[in-house]
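Q: Could you walk me through this one? I'd like to start with the overall make-up and then go to the details.

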Amino acid sequence: MSARWGPPAGLVLLLLLLSAVAARADRPARAGKAAEAEPEESSAVFQLYGDVYPHGLYYVAMSIGNPPRPYFLDVDTGSDLTWLQCDAPCVSCNKVPHPLYRPTKNKIVPCVDQLCSSLHGGLSGKHKCDSPKQQCDYEIKYADQGSSLGVLLTDSFAVRLANSSIVRPSLAFGCGYDQQVGSSTEVAPTDGVLGLGSGSISLLSQLKQHGITKNVVGHCLSIRGGGFLFFGDNLVPYSRATWVPMVRSAFKNYYSPGTASLYFGGRSLGVRPMEVVLDSGSSFTYFGAQPYQALVTALKSDLSKTLKEVFDPSLPLCWKGKKPFKSVLDVKKEFKSLVLSFSNGKKALMEIPPENYLIVTKFGNACLGILNGSEIGLKDLNIVGDITMQDQMVIYDNERGQIGWIRAPCDRIPKFGSSFL
Ligand SMILES: *[C@@H]1O[C@H](CO)[C@@H](O)[C@H](O)[C@H]1NC(C)=O
Ligand SMILES: *[C@@H]1O[C@H](CO)[C@@H](O)[C@H](O)[C@H]1NC(C)=O
């Protein structure tokens with residue numbers, strides 16, 4: 001869902017609204033893209049960097065362009081479009097870790113291209129294209145009033161396959177040259193966003209269209225930071241993971257395992273079934289007003305006498321102990337596990353132990369990493385974010401229309417051909 005450019009870490013959660021803006025330039029555009037037919041679909045795995053706290057995001061290093069240059073991209077299964085801050089020239093860009101991507105005119109996607117209409121159609125329903133030579137402009141608007149304006153390009157992305165050979169398909173992504181997001185003085189942690197939603201502009205869908213990988217993506221976010229991301233199904237533990245059919249979310253192209261009931265310490269919290277989406281672009285988990293209230297009440301009434309509520313600038317609800325905590329391990333025994341029980345799967349439970357909903361801040365306090373979604377306008381949508389998906393392999397399988405998860409040691413990158421779990 002989100003691109004998080006600004007501090008404080010992860011607290012900014014941005015709703016994506018893409019809309020077409022009037023095409024403004026009449027630049028010569030390349031005709032179609034060369035179709036790349038690979039004989040067989042493979043898989044690819046990428047190292048992840050970052051953490052929930054203090055960085056507030058997980059990101060990947062991608063090599064883009066010719067010659068290839070590295071860019072850090074925020075891994076986001078909650079949005080479709082991949083985009084980079086871009087020197088087109090840049091009207092307003094954040095300070096980013098790498099030199100801005102510099103586009104050339106022959107990389108511009110014309111607005112008649114199918115990718116442009118799916119970008120516009122899937123998100124705003126408006127697709128304006130008066131002349132076949134017009135470029136494909138777009139605007140991303142965020143719930144916190146931030147925005148990014150850009151143009152759709154294609155360039156080569158280096159992808160190392162399971163057999164170690166590297167393919168360089170030409171994939172479409174956004175060149176964002178006018179950002180009104182975050183702080184302009186601080187360096188943003190990433191150069192852009194890696195959009196892995198289910199829409200056809202998503203990098204994942206494009207890799208499938210090129211016959212490179214299956215339309216399957218998974219991530220394993222380590223609680224100690226880092227982890228890995230994969231495309232394709234070679235690493236998927238089909239028989240052992242918990243699977244739930246994917247539900248068309250009322251909220252755009254989000255990945256949703258449907259509705260779930262909420263349990264705390266083995267007891268139902270008595271809230272209405274919650275519509276859940278999984279979103280790696282959100283550092284924290286967000287509950288709607290009713291489950292949030294029920295959770296906070298249950299947590300407070302269950303709290304050990306050794307913990308006192310305390311103000312901490314990191315998050316809204318924090319506790320301190322007799323002495324500062326060094327890690328979640330110091331405090332997890334004071335808290336019970338949560339469970340989401342999904343109505344669509346057979347015994348499909350997602351266990352949320354304390355380390356999947358608490359952080360320990362630099363002040364040594366334990367804070368609740370499940371936030372009140374109503375406060376940021378999420379209404380009844382419940383977002384399972386990075387904190388809750390840590391140390392699980394989470395698989396979004398668009399081929400079979402299912403979402404799976406399984407506990408996993410995420411801090412070592414698996415080798416293809418070996419059994420990982
Ligand atoms: C690796 O796999 C891809 C696709 O499966 C194939 O096109 C390529 O030729 C393979 N490379 C080698 C070195 O076997
Ligand atoms: C959650 O946010 C809503 C909207 O701001 C507010 O009315 C509600 O009281 C909040 N819930 C809690 C438990 O703070």
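A: The secondary structure of the chain comes to four helices and 29 strands, where helices (H or I, at least four residues) and strands (E, at least two) are DSSP runs, numbered from the N terminus. This is a predicted model, in which local features need pLDDT of at least 70, side-chain atom pairs count only at pLDDT 80 or more, and totals for chains, interfaces and linings use all residues. Residues are numbered from 1 along each chain as its sequence is written, while chains are lettered from A and ligands numbered from 1 in the order in which they are written.

Q: How much of the chain is buried?

A: Of its 421 residues, 52% are buried, a residue being buried if 20 or more other C-beta atoms lie within 10 Å of its own, exposed if 12 or fewer, and partly exposed in between, with C-beta atoms placed from the backbone.

Q: And which residues touch the most other members of the largest nonpolar core?

A: Leu 48, Val 60, Leu 73, Val 75, Leu 152 and Leu 358 do, in a core of 120 residues; such a core is a set of buried Ala, Val, Leu, Ile, Met, Phe, Trp, Tyr and Cys residues joined through C-beta atoms within 7 Å. Strand β3 (residues 57-64) gives the most to this core, namely six residues, and at least three residues come from each of domain 1 (17-231) and domain 2 (242-407), with bounds taken from an automatic or database domain assignment.

Q: What is Val 60 in contact with?

A: Leaving aside neighbours within four places in sequence, Val 60 is in contact with Phe 46, Leu 48, Leu 73, Val 75, Leu 194 and Leu 229, where contact means that the C-beta atoms of two residues, placed from the backbone, lie within 7 Å.

Q: Changing topic, which residues does UniProt list for "active site"?

A: The unreviewed UniProt entry lists Asp 76 and Asp 279. UniProt positions are given in the numbering used here, feature names are shortened, and annotations may be inferred rather than shown by experiment.

Q: Where do those two sit, and are they buried or exposed?

A: Asp 76 lies in strand β4 (residues 69-76) and is buried, with 27 other C-beta atoms within 10 Å. Asp 279 lies in the loop between β18 (274-278) and β19 (285-287), and Asp 279 also counts as buried, with 27 C-beta neighbours inside 10 Å.

Q: What surrounds ligand 2?

A: The shell consists of Ala 289, Tyr 292, Gln 293, Val 296, Asn 372, Ser 374 and Glu 375, counting a residue as near if its C-beta atom, placed from the backbone, lies within 6 Å of the molecule. Helix α3 (residues 289-301) supplies the largest share of that shell, four residues.

Q: What about phi of Lys 379?

A: Phi of Lys 379 is near 55°, a positive value in a residue other than glycine; Lys 379 is in the loop between β26 (370-372) and β27 (381-384) and is exposed, with 11 other C-beta atoms within 10 Å.
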